[in-house]
Amino acid sequence: MHSNDFSRNIIIVGFMGTGKTTVSRLLSARLGWACLDTDEEIAKAAGKPIPQIFAEDGEAAFRDLESQAVENALSGERSVVATGGGAVLRESNRKQMLDRGWVVALTADKASLIRRVTSAAAGTRPLLAGDAEARVAQLLESRRHAYDFAHAQVDTSARTPEEVAEALLQGLPPGWL
């Protein structure tokens, strides 16, 4: 542990479609740090894609895998970790994130989110099955305060992923790097 007693990881949280994966890759490249995406780690560990995990094992089983992936991703240092949109729903995950690094929440307005998630390949987002627009509105409402625990927030609605990554670099706490 460092003398200032914190782990040097950057954890990116936020609703689906806010740009967590893209921004984490850009940020890790800029910093020369490892880049971990908990959704990718879950699929790797389970040996099947996330929609299949939801379909065959259910959301509860997925959330258990997700908690393990969060723990594994945060076990080291100097990693940029992109989490799935629902990873913040468990208090144990939130606590680990706060204990193991600087947590930043990416946000976006509803119109941007709907445009981004519905333009993605159909079937890749199990929680949006059915009327995607209605599901986004419903999930946004139910998770309205889910990301409030983060150390910082960045609105990605009118920013490119590169601009968001730059904003995060500028916003890092003093002495972080």
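The side chains of E56 and K48 meet in a salt bridge, with N and O 2.8 Å apart. Keep in mind that this is a predicted model.

**Around K48**
- K48 also pairs up with D57 in a salt bridge, where the closest N and O atoms are 3.0 Å apart.
- K48 counts as buried because its relative accessibility is 18%, under the 20% cut-off.
- D57, on the other hand, is partly exposed, at 41% relative accessible area.

**D64 and R90**
- D64 forms a salt bridge with R90, and their closest N and O atoms sit 2.6 Å apart.
- This pair ties together distant parts of the chain: D64 is in helix 4, while R90 is in the loop between strand 3 and helix 5 (91–100), 26 residues away.
- Both ends are partly exposed, with D64 at 45% relative accessibility and R90 at 28%.
- Back at K48, salt bridges with shared partners join K48, E56 and D57 into one network.

**The loop residue R78**
- R78 sits in the loop between helix 4 (59–73) and strand 3 (79–82).
- R78 isn't a glycine, yet its phi is positive, at about 55 degrees.
- Most residues other than glycine have a negative phi.
- With 40% relative accessibility, R78 counts as partly exposed.

**The second largest pocket**
- This pocket holds about 150 Å³ of space.
- Its lining includes G14, F15, L106, R143, R144, Y147 and D148.
- Sorted by type, the lining residues come to six nonpolar, three polar and three charged.

Conventions: Residues numbered from 1 in each chain as written. Predicted model: local features only at pLDDT ≥ 70, side-chain atom pairs only at ≥ 80, totals over all residues. Heavy atoms only, no water. 1 Å grid on protein atoms, 1.4 Å probe; cavity = no way out; pocket = protein on both sides within 12 Å on 5 of 7 lines; lining within 4 Å. Points joined across faces, edges and corners; volume = space filled by probe spheres on them. Nonpolar A, V, L, I, M, F, W, Y, C, P; charged D, E, K, R; others polar. Helix = DSSP H or I, 4+ residues; strand = E, 2+ residues; numbered from the N terminus. Buried < 20%, exposed > 50% of the residue type's maximum accessible area, 1.4 Å probe, protein only. Salt bridge = Lys/Arg side-chain N within 4 Å of Asp/Glu carboxyl O.
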